[in-house]
Amino acid sequence: MIYFIMNNTIALKEQEDTKIFLQKNFIDLQIENYQYFPDEAMEELGLDFDLVNQLVEDYVTQILTSKVIYLQYLEALQANKEISRKLDFTSLRELTHKNLGVVRNLRILDAGKILKDMMTSTDLEYLSLCVEALVYCAIRLKPKRAHETLRLIEIKSSF
């Protein structure tokens, strides 16, 4: 799902799409209405608003670029599952742990719940949904930065 923010109508549709996706697939996590407020991160980390905002934007870029890596890991796991090989989740867990540390520091609660589930789940279909949810939540967190990043990824992949 890639929407470019040309006006408020598209942004609102995207927010509604995110809410519906999260309600449908992650109702137990209760994250569909989550809104991020940087105050706690600012206080706990002793950082000002601008720095926390920059770190959140960096996190959004990190998640969107991590999506490709997550999907590669999941594809390899699925291939191993199909040939009855033992599944090794180490690489996926390491990337998840790295991202979980960032969201815990920045107090991004919706992504934290998703990543926490990813640390223990062995259900490949659910893990794929989690990756999509992380993307949705990143877009919701910083739409402009997300769309800039997605556009750059799209341009790079066309070469």
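Ser84 is exposed, with a relative accessible area of 70%, where exposed means over 50%, buried under 20% and partly exposed in between, for a 1.4 Å probe and protein chains only. This residue sits in the loop between helix 3 and helix 4 (90-106), helices here being DSSP runs of H or I with at least four residues, numbered from the N terminus. The model is a predicted one, in which local features need pLDDT of at least 70 and side-chain atom pairs count only at pLDDT 80 or more, while totals for chains, interfaces and linings use all residues. Residues are numbered from 1 along each chain as its sequence is written, and side-chain values use heavy atoms, with hydrogens and water left out.

Most residues other than glycine have a negative phi. Ser84, however, has a phi near 60°, a positive value in a residue other than glycine. Gln30 likewise has a positive phi, near 50°, and it is found in the loop between helix 1 and helix 2 (39-45). Gln30 is exposed, with a relative accessible area of 64%.

Thr96 belongs to helix 4 and is buried, its relative accessible area being 0%. Leaving aside residues up to four places away in sequence, Thr96 touches Tyr70, Leu115, Met118 and Met119, contact meaning heavy atoms within 4.5 Å.

Two packed helices are described by the angle between their axes and the distance between the axes. For helix 3 and helix 7 (residues 143-157), the axes come within 9 Å and cross at roughly 35°; axes are lines fitted to C-alpha atoms, for helices over the stretch in contact, with angles running from 0 to 180 degrees between N-to-C directions. The contact is made by Gln54, Glu57, Asp58, Val60, Thr61, Leu64 and Thr65 of helix 3, and by Arg145, Ala146, Thr149, Leu150 and Ile153 of helix 7. By class, this contact of helix 3 with helix 7 has five nonpolar, four polar and three charged residues, where Ala, Val, Leu, Ile, Met, Phe, Trp, Tyr, Cys and Pro count as nonpolar, Asp, Glu, Lys and Arg as charged, and the others, Gly among them, as polar.

The largest pocket is lined by 20 residues, of which Tyr34, Gln35, Tyr36, Arg140 and Leu141 lie nearest its centre. On a 1 Å grid over the protein atoms alone, a pocket is an open set of points where a 1.4 Å probe fits, with protein on both sides within 12 Å along at least five of seven lines, and lining residues have an atom within 4 Å of a point. Helix 1 gives the most to the lining of the largest pocket, with four residues.

Key:
Helices (H or I, at least four residues) and strands (E, at least two) are DSSP runs, numbered from the N terminus.
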